[in-house]
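Please walk through this chain with me. We begin with one term, then take the whole fold, then a few local spots.

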Amino acid sequence: MSGLILAAPTSGAGKTTVTLGLLRALKNAGHVVRSAKSGPDYIDPQFHAAATGRPCVNLDAWAMTNARIKSLASGYGDLIIEGAMGLFDGAPPNGKGSTADLARILDLPVILLVDAKAMSQSVAALVAGFAGFDARVRVAGVILNRVGSDRHALMLKTALAPLNIPVLGTIARRDDLSRPSRHLGLVQAGEMPDLDAFLDRAADIVARNVDLTALRALMAPSNWPADRPANVDPAQNPMRIAIAQDAAFSFTYPHMLADWARSGVTILSFSPLADDPVPDADRVFLPGGYPELYARQIASAKTFMQSLKNAAQTTDIYGECGGYMTLGETLIDGDGTAHKMAGLLGLTTSFKEPKLHLGYRTLQQRVPHSLIATASATNGFSAHEFHYATTLDAQGSALFDASDAQGTSLGPIGLIDGRVAGSFAHIIDRV
């Protein structure tokens with residue numbers, strides 16, 4: 001087992017595309033390759049999984065303990081971790097949760113991906129600054145992205161030579177590797193009909209322009225303990241959790257699903273967009289996603305809506321973000337059209353005047369709910385919020401008391417009414 005982290009000085013440097021090309025190229029070369037994504041992210045891991053054929057885990061240095069991170073990172077083969085934002089960027093006030101934090105925790109080398117489109121000799125000052133900023137974060141190599149020409153590449157390499165940090169490759173500017181995006185980020189992997197062709201193009205570009213042998217030689221061998229409880233026989237835990245999973249409800253973290261599976265839980269998937277009935281289960285989970293893009297279709301899914309209301313009479317139901325809005329009375333889309341939702345919570349939300357809500361959250365349960373295991377009064381849950389919806393009305397009992405990454409109280413959030421509960425926060429882990 002060995003690994004490295006692909007990071008960049010800033011967002012928008014091309015980390016995801018180069019990571020995808022690298023993952024697919026290593027797989028095509030016959031290597032066993034796994035991936036991880038730094039921080040809270042649902043979209044990029046879907047692309048990672050498509051590139052490798054293996055689940056991509058999230059490693060969150062703000063929300064998870066060091067032991068949890070090492071356990072999730074453990075496994076066989078090459079581990080490639082894609083960083084988030086700039087290498088040292090994290091939550092306020094001190095950058096906790098940054099990609100650099102992961103590098104320190106896992107003791108892995110960093111390959112710095114530099115967007116070189118608007119610089120030449122200044123690249124040396126940039127790389128030297130990142131390499132020397134923290135001795136605990138080892139910048140072991142550089143990949144130069146969006147290089148304009150062979151002459152440009154030579155200028156960049158000449159400037160970097162005195163630093164004795166190997167330049168592993170130069171990738172030219174290209175227009176054929178862009179992906180469509182929307183307000184929460186990139187369009188999901190399952191929505192790209194040409195995804196395999198895109199991944200193969202990216203792999204071909206990386207394989208031709210990056211020295212994969214030299215890159216693998218820089219990977220650090222590691223032996224993190226897989227500190228996971230033994231799997232429980234489902235016969236010993238007959239719990240059944242029904243989870244909505246389709247284009248409107250796709251934001252689930254693999255590590256949480258794996259935790260449930262190891263505890264013996266049977267997961268039953270269903271699609272509200274296909275108007276599936278809610279399966280007969282002990283618990284029902286509506287994760288986040290893009291219900292605002294499918295609000296008319298969800299509202300007209302009579303079988304799903306009636307079965308959800310029926311389930312609420314006997315079954316505990318929990319919704320996160322998009323799932324939370326679906327449990328409410330009304331969802332107003334970006335055009336200002338109101339769509340009737342399940343009416344199980346006294347909630348009205350709107351996208352007509354979108355406003356960004358973004359940040360880490362610490363949650364304390366006010367009222368226990370069975371789907372989210374009861375937390376102690378002193379610990380609670382680590383979570384994050386990322387949505388553009390505005391709450392126009394929220395009637396009922398609050399589910400959580402919330403604070404932000406700096407510990408500032410945000411007051412009560414979410415709602416609970418009998419067996420039904422939810423909030424805009426996505427739970428990442430227990431504190």
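Buried means under 20% relative accessible area, exposed means over 50%, and partly exposed lies in between (1.4 Å probe, protein chains only). This is a predicted model: local features need pLDDT of at least 70, side-chain atom pairs count only at pLDDT 80 or more, and totals for chains, interfaces and linings use all residues. Residues are numbered from 1 along each chain as its sequence is written, and side-chain values use heavy atoms, with hydrogens and water left out.

Start with the whole chain. It holds twelve helices and 27 strands. These are DSSP runs, numbered from the N terminus: helices are H or I with at least four residues, strands are E with at least two. The radius of gyration is 23 Å, close to the 22 Å that the globule rule gives for 431 residues, so the chain is as compact as a globular protein of that length. That radius is taken over C-alpha atoms, and the rule is 2.2 Å times the number of residues to the power 0.38. Along its principal axes, the C-alpha trace spans about 70 × 45 × 45 Å.

How much of the chain is buried? Buried residues make up 55% of the 431. Contact means heavy atoms within 4.5 Å. Among contacts with a separation of 6 or more, 74% join residues 24 or more positions apart.

Now go to strand E27, residues 426-430. Four of its five residues are buried, so the strand is mostly covered. E27 pairs with strand E21 (residues 381-387) in the antiparallel sense, over four bridges. Two strands pair if DSSP finds at least two bridges between them. Phe381 has Arg430 of E27 as its bridge partner.

Which residues of H3 are buried? They are Arg68, Ile69, Ser71, Leu72 and Ala73. An α-helix has 3.6 residues a turn, so residues three or four places apart point the same way. Just after H3, Gly75 takes a positive phi of about 150 degrees.

Next, follow the loop between E4 and H4. Met85 lies there. Its phi is near 55 degrees, a positive value in a residue other than glycine. Met85 counts as partly exposed, at 41% relative accessibility. Pro93 has its place in that loop too. A cis peptide bond joins Pro92 and Pro93, with omega about 5 degrees.

Past H4, Asp107 lies in the loop between H4 and strand E5 (110-115). Asp107 is not a glycine, yet its phi is positive, about 55 degrees. With a relative accessible area of 49%, Asp107 is partly exposed.

Finally, find Leu345, in the loop between strands E18 (338-340) and E19 (346-350). Not counting residues up to four places away in sequence, Leu345 touches several residues, including Tyr324, Leu327, Leu415, Ile416 and Val420. Phe88 is 257 residues from Leu345 in sequence and 40 Å away in space, C-alpha to C-alpha.
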